[in-house]
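Keep the sequence and the 3D view open while reading.

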Amino acid sequence: MTTPSTTSLAVARAARERRSAGFARTTADRLGVVGSIAAGILLVIVLAAVFAPIVAPYDPDYPDLLASLSGPSPAHLLGTDALGRDILSRLIWGARITLAGPGLVILIATVIGVLLALFAAWRRGRADTVITWLLDVLFAVPGIVFGLIAVAIWGPSLVTVVCGLAIAYIPYVARVVRGAALRERNMPYVSAAWLQGQSGTGITFTQILPNVQPIVIAQAVSSLGFAVIELAALSFLGLGVQPPTADLGLMVKSGFDSVLRGHPTEAIAAGALIVVIVWCVTVIGDRLTSNARSMR
Amino acid sequence: MTEPLLMLDDVRATLRLRGGHQTLLDGVSFEIHAGEALGLVGESGSGKSLTTRAITRMLDPAFRVSGEIAFDGTSVLAMNQAALRRYRSTDVGMIFQDPRAHVNPVHRVGDFLTEALVRERGVDRREAERRAVVLLDEVGVRNPEQRLRQYPHELSGGLLQRVMIASVLLAEPKLILADEPTTALDVTAQSDVMAILDEQRRARGLALLFITHDLELAAACCDRLAVMYAGEIVEQGAHVYHAPTHPYTVELLGARPSIDQRVDRLPVLRYDRETHELLKAEAS
Amino acid sequence: MNGAELIGTERIGTEPIVVANRLRKVFPGPTKDDPVIAVDEVSFELYPNECLAIVGESGSGKTTVARMLVGLETVTEGELTVRGDSRTKGVKNLADRRRWAREVQYVFQDPYSSLNGRQRIGDIVGTSVGLHVGAGVTRREVQDRALGILDSVGLGQSFAEKYPHQLSGGQRQRVAIARALAADPAVIVLDEAVAALDVSIQAQILNLLSDIRAERDVSYLFISHDLAVVNQISERMIVMEQGRVVDAGVTAELLADPQHPYTRSLRAAVPRPGWKPVRRERLAS
């Protein structure tokens, strides 16, 4: 009844040959020129953040009140903030939290989202209906609202907003992965595993998951950009990371007051770094997404 | 001796790759005269479809093409965009394996058939439709007027392939390029579509380049056959089917199971170009 | 016509492995009152060590019959038994599926999409071996057995470490056959298993299939539209048209002298020496 025509076979084969050629491709090939640049920049930022204790010229929390709001100088490359803290050092330390917070959000959301998606795709029927409905409800509520609710219950802190946002990001991952998993589920290789007598769990984790993995990664990276912005926004509102901890969102806020006093460096520098991080992550995410799509 | 309608002389297509070249067409030469049918036969990867794309200059820009392709005495490789467009739309008609991939699913069959006539040739819409109806009838489509108002998804594969044949005939080309036109069809539909193609082609004196993996089918519908293997034509002529001389052709013919007799084991292709050339060199 | 009438004398005394009795499959149609009858009153028997071909054009329901046999489709009506056990009600649990897998295996048409591109060849076959060997077999023994099966389909040790994308279409179909053999089944359903392959590869796979039958006790249910291939591999065949069995018998006899008009028209459409394509009646659909 449903024997595919030789054409569709040929077309599918060509696509798969492109995919197989992809196995041998280098990372640079996969990301393209712009993607490679973005990855390079992001790598520098991540390394700087990881090795902040070594890289940062000053203690980010040490207030040199006598040198407050000094402009860029050889001693302080980006100057100091209102409390006389070195802005460059705070940027480097701030990047740590600005990357780690959203990273944690996406990690939690991805693990839960993938499990829900795979479960829904395998069981279909009622389980799928319930999970899809739940995801739609979550999807309808802006992430920042979840952050606010979490703050309202547990009070402002990084852990609180991370948990709140993680729930909000579950549907971003789960919806895409569910669609991909449903597609894979209809592939003959999955039928073959089913006919071999492999268990549902076995098929889900050894057959379907490895084949949707590129989509999982692409979706996670793409969502990371949004999470960076939303977490920074929550910190800016004073609901996330609490002072005096260095965080880019907080720096935009504290720098905001200095702008009025004619010292825009802190706000601009922190804002610019957020933009750069988000740009890098988004470019890489887009590229990974189009790669994952072309594998189909 | 009249000039051939289509002439390929030592056509090579090379794909530039990182760290080297890959020659996918390796000195392909053949001629098709007006009104003649040539069957280009080969297995997947032999280069038969690349050859058709080279003829219409539709190869990916990554290919470097050398040699000469001439249509009616004009070099195809030297054509400018306007000439190329005219050549593709009026001189050559193309029929593909999967007609569904080559029709716009949201356009009605009638629009698909008459569009080119109305837009490119300035034929009056009603006149174009009249011609389409006549042709659909000739290719054996029942109720042609009604078909014009239907969408491609309402037609079966065999019927849609007949519509494709009609659309090619409407353009009144001199040469039809048919790339595996019946591979996606059932055997009875295949027989039917090939019969129509053959009959219409002969009635109009059109030349045909028939690309297929099926030697038997090609032999039944073509005056001459050319057998391709790894980018080369290993053997061509009217004798190929009945009295093949090249070992690859002989083995390819033998490997296909027969409907008339069953053999204990099917002969397996052992042909390999390097070994063959080695043996040839030793013999001479 | 019923397949049961056509049992050759040598069959008397042997029990059929698969018995299909008046099988029906109805799919819900585009509208509620317009169901699609894909399989209609199909009956046949498959005996030990034979190859039965189901022949038909697209839409004949041949693949649906095969899919019902392995549980990929449910049975709407009729009776389907394998070694006396009914399969009509479908699988209930994992134990059922494993037991069924040891009786009937399936090889798909497309050797590309039927293998998991992210599993090594050795693992693809090894997984199947692991599911069907008894308890107390070490990982090592499972691997060895997988290598042995790969070897028996003509793929040497070096293939075990490869991924499907490194293999040709013919080699992939050998892997799919190896995976089926790993369960040591009594029946293998071959669903257009050589249709997507080049002639040269097709011949190799058909030879491999006959070698396998020479070495072990296995029956094939060979689903195909290709009469020449069917003639080469099968002893008996049934012909399906629009969900119904219209003709059945010994393959060689049926093809040498087809009586039923549909079988004749199928036979007449196969290109062969001296053949010319013929135009059918005008098509209405």
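Strand E7 (residues 187-191) of chain C pairs with E8(C) in the parallel sense, over five bridges. Two strands pair if DSSP finds at least two bridges between them. Within this pair, Val187(C) stands opposite Ser219(C) in E8(C). From E7(C) the chain crosses through helix H6 (residues 199-215) of chain C to E8(C), a right-handed β-α-β crossover. Right-handed means that, with the strands pointing away from the viewer, the path from the first strand over the helix to the second runs clockwise.

This is a predicted model: local features need pLDDT of at least 70, side-chain atom pairs count only at pLDDT 80 or more, and totals for chains, interfaces and linings use all residues. Residues are numbered from 1 along each chain as its sequence is written, while chains are lettered from A and ligands numbered from 1 in the order in which they are written.

**Strand E8 of chain C**

E8(C) also pairs with strand E3 (residues 51-55) of chain C. Five bridges join the two, and they run parallel. Leu52(C) stands opposite Leu221(C) in E8(C). Why is strand E8 of chain C largely enclosed? Six of its six residues (219-224) are buried, so the rest of the structure largely encloses the strand. Buried means that 20 or more other C-beta atoms lie within 10 Å of the residue's own; 12 or fewer means exposed, in between partly exposed, with C-beta atoms placed from the backbone. Ser219(C), Leu221(C) and Ile223(C) point one way, Tyr220(C), Phe222(C) and Ser224(C) the other way.

**The sheet of chain B**

Chain B has an open sheet of six strands in the order E6-E7-E8-E3-E9-E10, with mixed pairing. Its edge strands are E6 (92-95) and E10 (232-237), each pairing on one side only. Strand E9 (residues 224-229) of chain B runs antiparallel to E10(B), and five bridges join them. Tyr229(B) stands opposite Glu232(B) in E10(B).

**Domains of chain B**

The domain assignment, automatic or from a database, gives domain 1 (6-245) and domain 2 (246-284) of chain B. Their centres, taken over C-alpha atoms, are 29 Å apart. The contact takes nine residues from domain 1 and seven residues from domain 2 of chain B. Contact means C-beta atoms, placed from the backbone, within 7 Å. On the domain 1 side, E9 and E10 of chain B are the elements that give two or more residues.

**Contacts of chain C**

Chain C puts 33 residues in contact with 38 residues of chain B. H6(C) gives the most to this side of chain C, with six residues. Towards chain A, 31 residues of chain C are in contact with 24 residues of chain A. Here H2(C) gives the most to the chain C side, with four residues.

Ala, Val, Leu, Ile, Met, Phe, Trp, Tyr, Cys and Pro count as nonpolar, Asp, Glu, Lys and Arg as charged, and the others, Gly among them, as polar.

| Domain 1 of chain B, touching domain 2 of chain B | seven residues | one residue | one residue |

Note on methods. Two residues are in contact if their C-beta atoms, placed from the backbone, lie within 7 Å.
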